[in-house]
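Work through the exercises below with the sequence and the model at hand. Each task is followed by a stepwise solution.

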Amino acid sequence: MTDANVERARRIDTATLSDALDKLGIAGQCLGIKPLDQKFRLAGRAFTLSYAPVGPGGTVGDFIDDVPEGAVVAIDNGGRPDATVWGDILTLCAHRRGLGGTVIDGACRDTSLALELGYPMYSRSYSMRTGKDRVQLEATQVVVNIGDARVRPGDILVGDSDGVIAIPHDREGEVLDTAEAIDAAEMRIRDSILAGERLDEARRQQSYHLLQRREQA
């Protein structure tokens, strides 16, 4: 079944979505989270996981078979660079199951397979050091922090070469409407430039400098 708002989000770049979030006063930019490959792009609803330092009997978790097709796995590992929570076996499973990608506030490893398969992987860093016996899965489908953005289960995550945006589920229609309007205005500016118009005049006509400015109540 097609998710109409995910498909709308897929057609918009993260820079435009970021401007829409700014205009609406929503902090949904997942700062510091970057793609393994600049060609990667993802869009899907978040399936969230939260990790913490290991305790007695802790486990990294065998969650992957519970993630719906098309969903984006969003892992909060506290930005840790020294304990990876995603590797080649998870990449293989996720790719075979048709997941939308993975976003990690922390580190992944075995990056070559994600690159080989074209599986969209976004993280704060990557390393070879395992998270086993260092961190454990604390909770699934809870509110998590990804690059200073709060991500709830079911929020839309969009990733491209610039990074990742989180669109809150309860405001996604408003965000997408705003982003589409900004995108249309910027397209008109590009068309004017291609027609030989001055940049400053093209921007003035489309109120370019106000496109992302938050509207005052």
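**Exercise 1.** Which side chain meets that of D3 in a salt bridge?

Solution. The model is predicted, and local features need pLDDT of at least 70, side-chain atom pairs pLDDT 80 or more, while totals for chains, interfaces and linings use all residues. Residues are numbered from 1 along each chain as its sequence is written, and side-chain values use heavy atoms, without hydrogens and water.

Step 1. Apply the criterion: a side-chain nitrogen of Lys or Arg within 4 Å of a carboxyl oxygen of Asp or Glu.
Step 2. The partner is R45, at 2.5 Å from N to O.
Step 3. D3 lies in the segment before α1 (4–10) and R45 in strand β3, so the pair ties together parts 42 residues apart in sequence. Helices (H or I, at least four residues) and strands (E, at least two) are DSSP runs, numbered from the N terminus.

**Exercise 2.** Is E172 buried or exposed?

Solution. Step 1. Buried means under 20% relative accessible area, exposed over 50%, and partly exposed in between (1.4 Å probe, protein chains only).
Step 1. E172, at 7%, is buried. D3, at 28%, is partly exposed.
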